[in-house]
Amino acid sequence: MDAPQSRHRWCVEIPHANEIRAGRHLFIVDAPAEDDARRAAIERAESVEARRHRRGATLDLARATVVHLALLRAH
């Protein structure tokens, strides 16, 4: 039986690439580590739904920042 793995909640902020159209998008994701959270947010950001929501604005994925919000305990 596998031991439950702790998961963390993260906020990933990805700014617009175009300085003229200032803005950013926030993604709240649950992942075991910071790199996993960044990957999950970028995957969401590249979805058709997310692109439509931001009206096709390009995001600067290299400037994404990740902030730890909480530890989610598995019972």
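Which exposed residues does the face of helix 1 turned away from its buried side carry? In this predicted model, that face carries R39 and E43, and the rest of the helix can be read around this contrast.

Helix 1 covers residues 34-45, and its 12 residues reach 16 Å from the first C-alpha to the last, which is close to the 16 Å expected at 1.5 Å a residue. Within helix 1, the residues A37, A41 and A45 are buried. Seen down the axis of the helix, the buried residues fall within an arc of 70°, so they line one face of helix 1. An α-helix has 3.6 residues a turn, so residues three or four places apart point the same way. What covers the buried residues of helix 1 includes strand 1 (7-15), strand 2 (24-31), helix 2 (48-53) and strand 3 (65-72).

Turning to charged side chains, the model has five salt bridges, and the table lists some of them, including one inside helix 1.

| Salt bridge | Closest N and O atoms |
|---|---|
| R9 with D30 | 2.7 Å |
| R38 with E34 | 3.4 Å |
| D60 with R63 | 3.4 Å |

R9 forms a salt bridge with D30; because R9 lies in strand 1 and D30 in strand 2, the pair ties together parts that are 21 residues apart in sequence. R9 is partly exposed at 31% relative accessibility, and D30 is partly exposed as well, at 32%. R38 and E34, by contrast, both lie in helix 1, four residues apart, or about one turn of the helix. R38 is partly exposed, with a relative accessible area of 25%, while E34 is partly exposed with 37%.

Methods. Residues numbered from 1 in each chain as written. Predicted model: local features only at pLDDT ≥ 70, side-chain atom pairs only at ≥ 80, totals over all residues. Heavy atoms only, no water. Helix = DSSP H or I, 4+ residues; strand = E, 2+ residues; numbered from the N terminus. Expected span 1.5 Å × (residues − 1). Buried < 20%, exposed > 50% of the residue type's maximum accessible area, 1.4 Å probe, protein only. Arc of directions from axis to C-beta. Contact = heavy atoms within 4.5 Å. Salt bridge = Lys/Arg side-chain N within 4 Å of Asp/Glu carboxyl O.
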